[in-house]
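Open the model in your viewer and keep the selection tool ready. We will go stop by stop.

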Amino acid sequence: MAVPRRTVGQRAIVRRAIGRRAIGATLSGLAAVAGIWPDALASPAQDYVLHCMGCHGATAEGVPGKVPPLARSLVQFMRSPAGRSYVLRVPGASNSMLTDAQLAGVLNWIAARYGGTQDVTTAAMPPVFTLQEVSAQRRLPMAAVQATRREVVRELAASGTAPSDNY
Ligand code: HEC
């Protein structure tokens, strides 16, 4: 029996629609089972907005007299082992809700996004934070934040540009 053309066309449309829905349902089902959907939505940029921006500002510029800038400053702390350790143990970073991997990710993102590499004396960007480094440093206590900061900044200033002494 000859099937009228319109019916064939309509059947094809219905078949395509069902096909797409089935693929979509399968993908979101797999994503939900594997638990990858929330991870796919999370990103260092979002972590910054949710966990750091409230204090450090939309462009990491800080709040004069209260919160230090991270823009053009974080990369300078990253030049020395003491500076890196300070950054990982400062309360806002260390005590955040972020996992070690997320903390590494957000710090590396800030450094890349707001680095201002022209202010770093070394030609290249300092090495990024690794998960191992964050895990090793983050939970070491830091008794006196301001005193530690002063010492780190003094040491950095002796070897090139350093974050400003007061903010
Ligand atoms: C509740 C406010 C607040 C939040 C939220 C916060 N910080 Fe901070 N952050 C500060 C203050 C204040 C300092 C200065 C040191 C201190 O007194 O703790 C600081 C210092 C720092 C420093 C060292 C910079 C310097 O010049 O001394 C880094 C790096 C840093 N924060 C990163 C982060 C990251 C990354 C996040 C998000 C995961 C974050 N902070 C969230 C308030 C905050």
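Start at the ligand. Of the 22 residues around the ligand, the nearest are Cys52, Cys55, Pro68, Gly92 and Ser96. A residue is near a molecule if its C-beta atom, placed from the backbone, lies within 6 Å of it. Next, select helix 4 (53–56), helix 7 (91–94), helix 8 (100–113) and helix 10 (145–157), the elements that give two or more residues to this shell. Helices here are DSSP runs of H or I with at least four residues, strands are runs of E with at least two, and both are numbered from the N terminus.

Colour the shell around the ligand by class: 15 nonpolar, six polar and one charged. Ala, Val, Leu, Ile, Met, Phe, Trp, Tyr, Cys and Pro count as nonpolar, Asp, Glu, Lys and Arg as charged, and the others, Gly among them, as polar.

A note before moving on. This is a predicted model: local features need pLDDT of at least 70, side-chain atom pairs count only at pLDDT 80 or more, and totals for chains, interfaces and linings use all residues. Residues are numbered from 1 along each chain as its sequence is written.

Zoom out. The protein has ten helices and zero strands.

Now select helix 6 (residues 81–89) and helix 10. Their axes come within 9 Å and cross at roughly 150 degrees. That makes helix 6 roughly antiparallel to helix 10, a term for angles over 145 degrees. Axes are lines fitted to C-alpha atoms over the stretch in contact, and angles run from 0 to 180 degrees between N-to-C directions.

Which residues of helix 6 and helix 10 make the contact? Show Ala82, Gly83 and Tyr86 of helix 6, then Thr148, Arg149, Val152, Glu155 and Leu156 of helix 10. Two residues are in contact if their C-beta atoms, placed from the backbone, lie within 7 Å. By class, this contact has four nonpolar, two polar and two charged residues.

Last stop: the loop between helix 4 and helix 5 (74–77), where Ala60 lies. Most residues other than glycine have a negative phi. Ala60 has a positive phi, near 60 degrees. Ala60 is buried, with 21 other C-beta atoms within 10 Å. Move on to Arg72 in the loop between helix 4 and helix 5. Arg72 has a positive phi of about 55 degrees. Arg72 counts as buried, with 20 C-beta neighbours inside 10 Å.

Definitions and conventions. Parallel < 35°, antiparallel > 145°, perpendicular 65-115°, else oblique. Buried ≥ 20, exposed ≤ 12 C-beta atoms within 10 Å, placed from the backbone.
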